[in-house]
Amino acid sequence: MILPIVAYGDPILRKKGEDITQDYPGLQELIDNMYETMYNASGVGLAAPQIGLPIRLFVIDTTSFVDEDEEDDEDLKDFKEVFINARILEEEGEEWAFNEGCLSIPDVREDVNRQEQIRIEYYDRDFNKQEKVFDGLKARVIQHEYDHIEGILFTDHLSPLRKRILKSRLSNISKGKLNVGYKMRFPK
Ligand code: NI
């Protein structure tokens with residue numbers, strides 16, 4: 001089932017997510033619905049706050065990122081993972097810029113600086129505990145989604161000047177003044 005994606009300006013996007021347990025009601029169906037919602041909007045990641053749930057859950061599938069001609073993209077092809085109760089343990093390496101977007105902030109894309117590598121612990125969809133190191137674009141997508149369960153949006157990372165330039169567009173999004181190709185929920 002495709003769920004409406006919460007738009008910029010909704011207070012749920014500013015809440016820090018709560019941990020969940022394995023018996024969270026309808027968890028497997030929720031995960032399936034989040035994937036369906038994400039694919040429908042052509043996203044590569046979606047976090048629970050974006051569908052209105054303040055919990056520490058996000059899903060990622062970077063397959064559609066892959067450019068067939070780029071050998072570097074090879075490891076993104078099979079990167080599909082569910083992150084539950086995730087905690088980033090370490091971030092290291094040089095900061096690098098990448099042009100990010102967000103399904104809650106349609107049609108806004110901005111360069112964001114983030115560190116190169118992360119070490120993260122989480123539970124997968126079968127509630128097996130994992131601890132892994134990711135770098136490059138995989139780390140990038142995880143860092144963006146992880147921010148969502150911490151109540152942070154990619155626009156928070158921008159310079160005061162960029163924020164000022166975006167202000168009216170963000171305000172229009174929160175008022176629902178935009179055309180978007182997927183179902184959204186706007187703040188009342
Ligand atoms: Ni996002």
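Which residues does Arg125 touch, not counting residues up to four places away in sequence? In this predicted model, local features need pLDDT of at least 70 and side-chain atom pairs count only at pLDDT 80 or more, while totals for chains, interfaces and linings use all residues. Residues are numbered from 1 along each chain as its sequence is written, and side-chain values use heavy atoms, with hydrogens and water left out.

The answer to the opening question is Gln28, Ile31, Asp32, Val82 and Ile84, where contact means heavy atoms within 4.5 Å. Arg125 itself sits in the loop between strand S5 (105-123) and strand S6 (129-135). Two of its partners are also joined to Arg125 through side chains: a polar contact of 2.8 Å links Arg125 to Gln28, and another, of 3.1 Å, links Arg125 to Asp32. A polar contact is here a pair of N or O atoms within 3.5 Å; within protein, one must be able to donate a hydrogen and the other to accept it, and residues adjacent in sequence count only if both atoms are side-chain atoms. Arg125 counts as partly exposed because its relative accessibility is 27%; buried means under 20% relative accessible area, exposed over 50%, and partly exposed in between (1.4 Å probe, protein chains only). The C-alpha atom of Arg125 is 9.5 Å from that of Val59, a residue 66 positions away along the chain.

The protein contains 3 helices and 7 strands, which follow one another from the N terminus as β-α-β-β-β-β-β-α-α-β. With a radius of gyration of 16 Å, close to the 16 Å that the globule rule gives for 188 residues, the protein is as compact as a globular protein of that length. That radius is taken over C-alpha atoms, and the rule is 2.2 Å times the number of residues to the power 0.38. Helices (H or I, at least four residues) and strands (E, at least two) are DSSP runs, numbered from the N terminus. The C-alpha trace spans about 40 × 40 × 30 Å along its principal axes. Of the 188 residues, 46% are buried, and among contacts between residues at least 6 apart in sequence, 68% join residues at least 24 apart.

Three further loop residues give a view of the buried part. Ser104, in the loop between strand S4 (80-102) and S5, counts as buried because its relative accessibility is 0%. Its side chain makes a polar contact of 3.0 Å with the side chain of Gln50. Beyond four places in sequence, Ser104 touches residues including Ile5, Val6, Tyr8, Ile173 and Met184.

Thr155 lies in the loop between helix H2 (136-149) and helix H3 (160-174), and at 5% relative accessibility Thr155 counts as buried.

Val44 belongs to the loop between helix H1 (27-40) and strand S2 (45-47) and, at 16% relative accessibility, also counts as buried. Leaving aside neighbours within four places in sequence, the contacts of Val44 include Met38, Val59, Ile60, Phe65 and Val141.
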